[in-house]
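Subject: Structure handover

Hi,

Here is the structure we talked about. Please open it alongside this message; my notes follow below.

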Amino acid sequence: PANAYRMAQLPSLADQDLLGASAKHLDALLHTVVDAEAPVHVDVIARRVMAAYDLSRAGSRIAACLDQGIARAVAAHGWQLKHGFICLPEHAAQPLTLPVRDRGALPAAERKLEWVSPQELQAALHQAVALAFSLPQGEVASTAAQLLGFGRATARMQAAFEPQLQALLDAGVLMAQQDGTLVLSPRPAA
């Protein structure tokens with residue numbers, strides 16, 4: 001059910017200087033990453049652009065350059081920046097329609113739950129319950145983590161899913177039955 005996570009492919013720019021890049025060129029790189037990976041954490045965007053320039057660490061000037069470029073791109077393209085994630089307008093409007101992306105094939109350094117947006121966590125929780133028709137509340141985070149390609153859910157991962165699960169319950173998207181199982185709400189969420 002989950003799609004494989006697709007990393008943005010940027011051209012090699014190792015022979016160029018990131019600090020000398022034009023705003024237009026930096027915007028095009030950022031756009032490529034956001035188009036491929038949104039919703040995407042700003043740290044992931046910075047990693048992709050830095051990798052294109054063959055940079056392993058961001059000093060203060062490079063970090064400032066990337067932060068300014070991201071701020072310009074957010075304003076220019078109508079992207080939404082919230083809690084460190086850039087989302088496209090359609091993702092923010094209907095988060096449960098986000099594709100749940102399987103990160104299982106990514107290198108270990110790329111598989112961080114902190115880099116999964118709250119919207120995608122909610123979409124994974126929703127999909128986990130939808131696929132099972134009903135799921136014990138204690139298993140929903142573990143099932144969602146598997147859909148995202150993380151294998152088993154650690155206690156830290158379980159804790160990261162909790163506020164998103166609560167948000168879905170509060171919004172009436174999911175319902176807890178008397179026996180503690182979760183089901184999709186029969187009524188559409190407002």
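Start at Pro39, which sits in the loop between helix 1 (23-37) and strand 2 (40-41). The model is predicted. In it, the peptide bond between Ala38 and Pro39 is cis. Its omega is about -5 degrees. Most peptide bonds are trans.

Two backbone angles also deserve a look. Most residues other than glycine have a negative phi. Asp54 has a positive one, near 60 degrees. Asp54 belongs to the loop between helix 2 (42-52) and helix 3 (60-77). Is Asp54 buried or exposed? Its relative accessibility is 61%, so Asp54 counts as exposed.

His83 is the other case. Its phi is positive too, at about 55 degrees, and His83 is not a glycine. You will find His83 in the loop between strand 3 (80-82) and strand 4 (85-87). With a relative accessible area of 63%, His83 is exposed.

Now the helix packing. Helix 5 covers residues 118-132 and helix 6 covers residues 137-147. Their axes lie 8 Å apart, at an angle of about 105 degrees. Angles of 65 to 115 degrees count as roughly perpendicular, so helix 5 is roughly perpendicular to helix 6. On the helix 5 side, the contact uses Ala124, Leu125, Gln127, Ala128, Val129 and Leu131. Helix 6 brings Val140, Ala141, Thr143, Ala144 and Leu147.

Helix 5 also packs on helix 7 (residues 155-170). Here the angle is about 70 degrees and the axes are 9 Å apart. That makes helix 5 roughly perpendicular to helix 7 as well. Helix 5 contributes Pro118, Leu121, Gln122, Leu125 and His126 to this contact. Helix 7 contributes Ala160, Phe161, Gln164, Leu165, Ala167 and Leu168. Note Leu125: it meets helix 6, and it takes part in the contact with helix 7.

Finally, the whole chain. It holds seven helices and eight strands. The C-alpha trace spans about 60 × 35 × 25 Å along its principal axes. Of the 190 residues, 43% are buried. Among contacts between residues at least 6 apart in sequence, 64% join residues at least 24 apart. Charged side chains number 15 positive and 17 negative. The centres of these two sets lie 3 Å apart.

Best regards

Technical notes. Residues numbered from 1 in each chain as written. Predicted model: local features only at pLDDT ≥ 70, side-chain atom pairs only at ≥ 80, totals over all residues. Heavy atoms only, no water. Helix = DSSP H or I, 4+ residues; strand = E, 2+ residues; numbered from the N terminus. Buried < 20%, exposed > 50% of the residue type's maximum accessible area, 1.4 Å probe, protein only. Contact = heavy atoms within 4.5 Å. Lys, Arg positive; Asp, Glu negative; His and termini not counted. Charge placed at Lys NZ, Arg CZ, Asp CG, Glu CD. Axes fitted to C-alpha atoms, helices over the stretch in contact; angles between N-to-C directions. Parallel < 35°, antiparallel > 145°, perpendicular 65-115°, else oblique.
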